[in-house]
Amino acid sequence: EFKATAGAVLLDVRTKEEYRSGHVPGSKNIDAGEIERAASVVSDKATPLFVHCLSGARSGRAVSVLKNMGYTNVKNIGGINAYRGPVERGA
């Protein structure tokens, strides 16, 4: 679904350490505890955002914050532990 959405951004809201240990290629990392930083990464609030973490709990909270920040097209896609595609390691 993410790949089929033009201009979409995949946000990984796990910690930097978790992100480095393995992440979806092309995803952007913003720790859920610092989700307010999203405005510096994605300035257009209409950009489709697909948000995930490890299990789906942190991404659910991050989606709420993003919506409160004015983002209008935000979706919690759950946890990377359910993801079966290729994974990149490193920063």
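This is a predicted model: local features need pLDDT of at least 70, side-chain atom pairs count only at pLDDT 80 or more; totals for chains, interfaces and linings use all residues.
View 1. Strand 1 and strand 2, the latter made of residues 28-29, are joined in the parallel sense over 2 bridges.

View 2. Together with helix 1, which covers residues 16-21, strand 1 and strand 2 form a β-α-β unit that is right-handed.

**View 3. The side chains of strand 1 point in two directions.** In a regular strand, side chains alternate between the two faces of the sheet. Val9 and Leu11 point one way from strand 1, whereas Leu10 and Asp12 point the other way, and all of them are buried.

**View 4. The largest nonpolar core.** This core holds 15 residues, and those touching the most other members are Leu11, Ile35, Leu49, Val51, Leu66, Tyr71 and Val74. Two or more residues each come from strand 1 (9-12), strand 3 (49-53) and helix 3 (57-68). Apart from this core lies another one, of 5 residues, including Ala8, Leu10, Phe50 and Ile80.

**View 5. The surroundings of Leu49.** When neighbours within four places in sequence are left aside, Leu49 is in contact with Val9, Leu11, Val42, Leu66, Tyr71, Asn73, Val74 and Lys75. Among these partners, Leu11, Leu66, Tyr71 and Val74 are, like Leu49 itself, listed with the core residues that touch the most other members.

Key
Residues are numbered from 1 along each chain as its sequence is written. Side-chain values use heavy atoms; hydrogens and water are left out. A nonpolar core is a set of buried Ala, Val, Leu, Ile, Met, Phe, Trp, Tyr and Cys residues joined through side-chain atoms within 4.5 Å. Buried means under 20% relative accessible area, exposed over 50%, partly exposed in between (1.4 Å probe, protein chains only). Helices (H or I, at least four residues) and strands (E, at least two) are DSSP runs, numbered from the N terminus. Contact means heavy atoms within 4.5 Å. Two strands pair if DSSP finds at least two bridges between them. A crossover is right-handed if, with the strands pointing away from the viewer, the path from the first strand over the helix to the second runs clockwise.
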